[in-house]
Amino acid sequence: MLDPSSDKSIYVQVAEIIENEILLGNLKEEEQAPSTNQFAKVYQINPATAGKGLNMLADEGILYKKRGLGMFVREGAKEKIIKKRQALFLKETLPEVLREADRLEITVAEIVDYIKELRGGV
Amino acid sequence: MEALKRVIRFQNYNLVKSLGTFWLVVLLLNIIASSFVAVRGMSAQIGPMVSDGSYTSFTGSNLLIIFIFFIIYGALMYHEDLAMALSCGVTRKDFYKGAIFSNIIVVLLLSSVQTTLLFIEKITARLLGYPLLTEFGMFNTSTDSYFLVAVILFVLFLALAAITNLIGILQFRWGYKFWIGFGVTLVIILNSAAAQPKDSSRVAILLNYLSNINLMLLTGLVVALMFFTLGYFFIRKTGLSK
Amino acid sequence: MLSISNLNKSYGRTKVLTDINLDLTANKIYGLLGRNGAGKTTLLKLITSQLLRNSGEIRLDGEEVFENSRALERISLAKELPSSLKEKKAREIFALAGLLYKDWDEEYKDYLVREFNLNTKKKLSKLSTGNQTIVVLIMGLASRSGLTMFDEPTLGLDASVRYKFYNLLLEDYEKHPRTIIISTHLIDEVANLFEEVIILSDQQVALREDVNTLLEKSFYLSGREDLINPIIKEKRIIHRETFGATKIVGIYGYLTAEEKQYLKAQGVELSNIPLQKLFVYLTEGNKEGAI
C-alpha cells in the first residue's frame, strides 16, 4: 500500500509497487502494467501522479508505451530492476548496516559468521 | 440569452403550483363567503368581503390577499431564489432581468384572474340577490369595461410588485436591520404627515387625480419603473453571505 | 484556465486576502489548503462571484468572471447551502440546480443519489450534517462544470463515505476531465488526490507547488547546531526542534549537491519531510516548536 506519511514521493512509491510486482513475478515481461486510472482508483491518488510513476519506469526502460493500449513490461525489465536494486543495496543499505554495526561494535567477521549461520552455514 | 432562459425557468419552477394553490384558496374563500349569504341572507356576514354598508363584494376583498401574496413573493424571490442562484453561478443582472420578467408574468396572471372574478361576481350577485359593490375608487365594474379594469389592475399590481420587489431586495441585503429602518422611516413619515394641517383642497386634488384614468395609469407605470430601477441599484452590489 | 491577479478582499476593516496571484491550468486537481479562517472559502466565493472583491481580477480563459454568465456558467462551487434553502427537500434542490447549471447531468445525479444512498424526499434541515454534505457533493459532481470546486467536502462524513466520494470523484474525473479545486484543512486523506497544492496563510498564497516536487524540495536536517547553521542561513526554515544537543530543522527549498555532500560529511542526517508534516508546517506559518 501507499504510505502518505512516507518521505518518499507518491509517484516513487507507485514505481516501486510495479517494480515489486515484476520482481515477485506477478507481472511478467510483455504483460500490461496497471493503467494510470487503475492506479488512481485502487490507491485513490491523482492520475497524474500515477502517470509520473509509470513514466519514470518508462524512462528507465522497465516499461514501454504501446500507443493507445497503455504501458507494458519491457523485455529484460526484471534484470534491470535487480541490477538497480543491487546497486542500491550495495551503495545505501549495506553501508547503513555497517555504520550501525560500527556503532554497536560488531565486527565484520562477526557479521559474516552470522550471515553464514542464517544461510545454513553455506 | 441561454443563461437568462435558465434563470427564468428556475424562477418559475413552482409558478403553476404556487399560483394554483393561491387561487384555489382564494376562490374557496369567495365561494364559502358567498354561500353563507346564499343560505342565510345578507345578515350572515362571514368570511372576507368588502362592504360600504349597503353594497358588498366578496371578490373585491381578494385585493388585500393579493397584496400579501406580493409581499411574500418578493421576499422569497430574494431570500430563497437569489441565494440559490448566486450559489449556482447566475449573474445578478440575469437574475434581475428574470425577476422582472417573472413579476410581470405573475402580475398578468393575477390581474386577469382577479378581473374575471370581479365580473363573474356581477352574475353571482344577481343570482344570490345581494347588492354588489362595484365602485372601487380607481374603477367601477358596472361602468368600466372588462379590458379597462384588467389594465388598471395590471398597472396597480405592477406598481405593487415593484415596491414589494424592492422590499425583498432590501431585506435580503440587510435582514432584520432593514425592518428596523423601515419601521423608523414609516413612523417619521406618518408623524410628519399627521403634523400637517388637514387640507381639504389637497384631498380634492388627489381624488380628482385618481379619477383621471390616464394620469393614474401613467403614475402606476412610473412608480413600477422607478422601484424596479432602484432595486437593480441595490442588487448590483449584493454579496451572498450566510 | 483560471487566472487571478492582485486580488484583495476585506470584510470591513479585516483583511482576508491580500494581493492573491494565481494561474491554474486546465484539467488538474488542485488542493487549496490553509487553516480555518485562512480565506479559502472567501477565495472560492470570489471566484464564483458570490462575494464582491475590493480589487483585482479573476479571469476564466481570459474573460473576467464577475457578472459574466459565459464564464460563470462554467464554474460551480459545492459548498454548504445558504440557510434560507434548508427548508427545501433535497430533490427540489437538485431540480433547481439542474435548471441553473448548464452542464448538469441528471442521470449522473440519479446514479450518485443511489451510490450515496440519499433520501431525497427529506428536507435539508431534517438530514444529518453528513447527508447535507452529500447533497452538496452531488450538486458539485453532477454540475460537470469545467471548473468544479469543493469547499470542505468531507464535513461530517464518516470514513466509508469519504472514500466513496474520492472514488467517485476520480472516476468522473477520468471520464470527464475538468479542473477541480478542493479546499480543506484536513489534508491526511485527500493529499494524494491532488496534482498541485495551493497553501493560503496570512491572507496570502504561501505556496503553490506540484505535489510531487514538494517532497523533493523539503528536508529535515538533524545534527549539531553549529554544523547545520551555515547551510540553513539562506533557506526557508519551516520547522525547528531541539532535541538534547541535536537540532532538527525543516527547510523548504532545494539543496545543491555540494550542500548535501557537506552535510553528509559532517554527519548531519538528511531526510525528506513527509507531505502531511510539510502541510502542517507550511500552514502554521513560521511557528517554531521545541521539545
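These legends describe close-up views of a predicted model. Local features need pLDDT of at least 70 and side-chain atom pairs count only at pLDDT 80 or more, while totals for chains, interfaces and linings use all residues. Residues are numbered from 1 along each chain as its sequence is written, and chains are lettered from A, with ligands numbered from 1, in the order in which they are written.

**View 1. Contacts between the chains.** Two residues are in contact if their C-beta atoms, placed from the backbone, lie within 7 Å. Chain A and chain B have no contact. Their closest C-alpha atoms are 27 Å apart.

**View 2. Chain A against chain C.** Here 18 residues of chain A meet 23 residues of chain C. On the side of chain A that touches chain C, α1 (10-24), α2 (36-43) and α3 (47-59) each give at least two residues. Helices (H or I, at least four residues) and strands (E, at least two) are DSSP runs, numbered from the N terminus. The largest share, 4 residues, belongs to α3(A). This side of chain A holds 8 nonpolar, 7 polar and 3 charged residues. Nonpolar means Ala, Val, Leu, Ile, Met, Phe, Trp, Tyr, Cys and Pro; charged means Asp, Glu, Lys and Arg; the others, Gly among them, are polar.

**View 3. The fold of chain B.** Chain B has 8 helices and 2 strands. Their order from the N terminus is α-α-β-β-α-α-α-α-α-α. Of the contacts in chain B with a separation of 6 or more, 77% join residues 24 or more positions apart.

**View 4. The buried part of chain B.** Of the 242 residues in chain B, 36% are buried (20 or more other C-beta atoms within 10 Å of the residue's own, with C-beta atoms placed from the backbone).

Key. A residue is buried if 20 or more other C-beta atoms lie within 10 Å of its own, exposed if 12 or fewer, and partly exposed in between; C-beta atoms are placed from the backbone.
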